[in-house]
Amino acid sequence: MITLQNKHDDYLFVKTLDDEDMNRRMVERIEQIGDELHHTTNVKSDVTLSLLKYPEFQKLQVIVEDFCKESSEKIQKEWWGHHSRVDRPIWNKSYIQSQYCNAMWGVNGVSGEITTPHDHWPSTWSFCYYIEPPEGCSNLFFPTLGYGLEVEHGKLVIFRSHLIHETVSLPFEGNRYCVAGTIVFQMPTLQ
């Protein structure tokens, strides 16, 4: 059973996953492939791309997509005047059920590294999934909201892609593994 928790008025949803085999395999794959972007993006850590072709990340992909669809339905049901949308099959199919993960990357961060403030607009949702984050490492911070979300092992966070987010430089021991990505919806064709 999944309990959706809206962590902030701007709809940050969190759930905890318990799949140590998937976690182990994702970390091994991130380490095996290594850094592909050489700190040239907002993420000033080692970044591994093109993960959606591997079974362990495909498993996470399904979990994330389902979580985004469920969270989208929850939002619509909470907004006055929008709750009936979810019950309209064509609307639900076009805008909620068509959501899919279009990009996923792995991050292997070490002490002192940062992720500069950025967003993922025009994607619908963004996500971060944390695997055994070291004690004292940076939380996921939303500077425009003045809100930080503590990272924990197995924590999956989804948030609207227009939200600016970052991590700050902190000293810690070990590796801070995060799998992140974006969710979009298939735009319906108008006839």
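Two strands pair if DSSP finds at least two bridges between them, and strands (E, at least two residues) and helices (H or I, at least four residues) are DSSP runs numbered from the N terminus. In this sense D46 stands opposite N108 in strand β3. The structure is a predicted model, in which local features need pLDDT of at least 70 and side-chain atom pairs count only at pLDDT 80 or more, whereas totals for chains, interfaces and linings use all residues. Residues are numbered from 1 along each chain as its sequence is written, and side-chain values use heavy atoms, with hydrogens and water left out.

**Strand pairing around β3**

- Strand β2 (residues 46-48) pairs with β3 in the antiparallel sense over three bridges.
- Strand β10 (residues 176-184) also pairs with β3 in the antiparallel sense, over nine bridges, and here G106 stands opposite V179 in β10.
- Strand β3 (residues 100-109) is mostly covered, as seven of its 10 residues are buried; buried means under 20% relative accessible area, exposed over 50% and partly exposed in between, with a 1.4 Å probe and protein chains only.

**Cysteines**

- The model has zero disulfides, a disulfide being a pair of cysteine sulfur atoms within 2.5 Å.
- C101 is in no disulfide, and the nearest cysteine sulfur, that of C68, is 8.3 Å away.
- C101 is buried, with a relative accessible area of 4%.
- The sulfur of C128 is too far for a bond because the closest cysteine sulfur, in C178, is 4.3 Å away.
- C128 is likewise buried, at a relative accessible area of 7%.

**Aromatic rings**

- There are four aromatic pairs, where rings of Phe, Tyr and Trp (its six-membered ring) pair if their centres lie within 6.5 Å, and planes under 30 degrees apart count as stacked, over 60 as edge-to-face and the rest as tilted.
- F13 and W125 form an edge-to-face pair, because their ring centres are 6.0 Å apart and their planes stand at 65°.
- This pair links distant parts of the chain, with F13 in strand β1 (residues 12-16) and W125 in strand β5 (residues 125-131), 112 residues apart.
- F13 is buried at a relative accessible area of 0%, and W125 is buried at 3%.
- F142 and F159 form another edge-to-face pair, at 5.1 Å centre to centre and 80° between the planes.
- F142 lies in strand β6 (residues 140-142) and F159 in strand β8 (residues 155-160), so the pair ties together parts that are 17 residues apart in sequence; both F142 and F159 are buried.
- W91, Y95 and F185 are linked into a cluster by ring pairs.

**Charge over a ring**

- K15 lies over the face of F67, at 5.0 Å from the ring centre; a charge sits over a ring if NZ of Lys or CZ of Arg is within 6 Å of the ring centre and within 35 degrees of the ring normal.

**Largest pocket**

- About 420 Å³ of space lies in the largest pocket; a pocket is an open set of points on a 1 Å grid over the protein atoms alone, where a 1.4 Å probe fits, with protein on both sides within 12 Å along at least five of seven lines.
- The volume is the space filled by probe spheres set on the points, which are joined across faces, edges and corners.
- The lining comprises 18 residues, of which S72, Q76, T124, W125 and R160 lie nearest the pocket centre; lining residues have an atom within 4 Å of a point.
- Helices α2 (55-78) and α3 (89-95) are the elements that give two or more residues to this lining, and α2 contributes the largest share, three residues.
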